[in-house]
Amino acid sequence: RGAVLYGEDGREYLDLISSWWTCTHGHGHPALVRAIAAQAAQLDHVMFGGFTHPAAAALAGRLAALLPGGLERVFFSDNGSTAVEVALKMAYHYWRNRGDTARTRFLAFDGGYHGDTLGAMSVGRGCGYFTLYADIMCEVETVPFADTWEGDGEVEAREARALAALDRALEAGAAATAALIVEPLMQGAAGMRVCRPQFLRAVTERARAADILVIHDEVATGFGRTGTLFACEQAGVAPDIVCLAKGLTAGMLPMSVTVTRQDIFEAFRAPDFARALAHGHSFTANPTTCALALASLDLYGTEKTMDRIGAIARAHRAFLPELAAHPRVTRPRALGTMLAFDLKDDASGYKSAASVALRDRYLEMGLNIRPLGPSVYLLPPYCLTPEQLGRAHAGLIMGLDGLEG
Ligand SMILES: *Cc1c(COP(=O)(O)O)cnc(C)c1O
C-alpha cells in the first residue's frame, strides 16, 4: 500500500527504490486498480495489427501532447528493452528507407544501460554487465559520459574531454552511424550517475549537427523522476526518438512506447512492405495496460504529482550537506526524486561486500534500499510522505554509522 511493502510476517518496509524505479504513485493505488478492472471487463485484449481501440488511441494522443519536439508518432511494445530495440531498428531502417545503406553502427555512452535484450545489450555494452555476449553484439562505439556530483570542481574539464571524444567519434564515423543513444541527465544502472543539462544539450546538438539521429532513453527518467516530466526538458532539447517504459504504467503492468516525429514516420509509409517497420508483439498496446497508463497520467492532475515530486526534491537537497559530511560518503548527488552517493574507498564493483552488508542492514531497519555496487541511492514513489522521507534520510545515515571497516 502506498510506499509500504508488507513482508510475509507482517513487517513493513518502505519501498525506497520504487520496485526498481517503476512504482511512481505507490502500490495498490485504488484509482489505478479500478482502471485496470474496468478496462479488463470492457475489452481485455485485441490484436493490434489492423485493429485499434480507444485506450491506445487516447494514450498515444496524451503522450504526444506531453512530449516536446513534435514527438507524436507512438509505437507500442512491452518493456524498456523492447522500446530500445524498436528505436534502434527504427533508426537503422529510417536511413535505409532514405537510400542510405552505410549506417550500420550506433554510438552510446560508457556506463549506459538500455536493457537486457540483444540490441539493448549492444548499446549498453559500456555498462560492463554484458562482456560475455560481446561476440554476438551489433557494432557500437562508446564515448565518455561526463558525470558530476555536489561539490565537483572539475566538471567543466570532464565535459570538455567527453565532448572532444564525441567530436572525434563523430568525425571518424558519423557517416556509418545510424543514431546516438543516451540516458538523459541520469545513467540509472551505472549507479545513478548524473550529468549537467548543458552536457546533454551539447551531446544532442553535436549529434544533430553530424546528421545522425538522437535517441533519448527516458525509460528510467520519464514521468517526473528527475524533477520535470521528461529529463530532456531541463536541457531544452528534444530527441528524434524517445523510449518510455517503467513509470509509464506506474509500476503495475509492463508496457513501453517508442515515440518519434511525423517526418521520420513518413519515411516508413509506402505500399512496399520492405519499407514498413514490421515489428509487433503479441500484446502490443494491450488495452488494460493502456487504460492503466491513462489513469496514471490523470493522477498527475488530480494529485498534483509534480508538486509532490518538487517537495521530495527540496527535502533531498536540504539533506545533502548532512549526507556529504559523513565519513563514508563520497560523490553525493541529488536530481529530482533521486538521491545518491558512493561508498568511499570501495572499488570492489557490483559485488561490493560493504554494499551487500548495507542492503541487509537497511532491510532490518524496514527500508528497502538496494545499492548498485558501491552506489547507494533513494528513488522513492512520489506518494512518500514527509515523515517517511525523514525516516529514509535518518536511516541512510544510521546504516552507514553501523558499517564496519
Ligand atoms: C530499466 C531500463 C531499461 C530496460 O527496461 P526493462 O523494462 O527492464 O526491459 C532500459 N533503459 C533504461 C534507461 C532503464 O533504466
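Student: What does arginine 359 count as at its relative accessibility: buried, exposed or partly exposed?
Tutor: This is a predicted model, where local features need pLDDT of at least 70, side-chain atom pairs count only at pLDDT 80 or more, and totals for chains, interfaces and linings use all residues. Numbering runs from 1 along each chain as its sequence is written, and side-chain values use heavy atoms, without hydrogens and water. Relative accessible area decides the class (buried under 20%, exposed over 50%, partly exposed in between; 1.4 Å probe, protein chains only). With 27% relative accessibility, arginine 359 is partly exposed.

Student: Which residue does the side chain of arginine 359 meet in a salt bridge?
Tutor: A salt bridge here is a side-chain nitrogen of Lys or Arg within 4 Å of a carboxyl oxygen of Asp or Glu. For arginine 359 the N to O distance is 3.5 Å.

Student: How many salt bridges does the count come to?
Tutor: Some of them form a network, in which Arg208, Asp240, Arg261 and Asp263 are linked. For the whole model, the rule gives a count of 19.

Student: How many residues apart in sequence are the parts that arginine 105 and glutamate 141 tie together?
Tutor: The two side chains form a salt bridge, 2.9 Å from N to O. Arginine 105 belongs to strand E4 (residues 105-109) and glutamate 141 to strand E5 (residues 140-143), so their pairing joins parts separated in sequence by 36 residues.

Student: Which glutamate forms a salt bridge with arginine 196?
Tutor: The closest N and O atoms of the pair are 2.8 Å apart. Arginine 196 sits in the loop between strand E8 (193-194) and helix H7 (197-209), and its partner is in helix H6 (residues 155-173), 37 residues away. Helices (H or I, at least four residues) and strands (E, at least two) are DSSP runs numbered from the N terminus.
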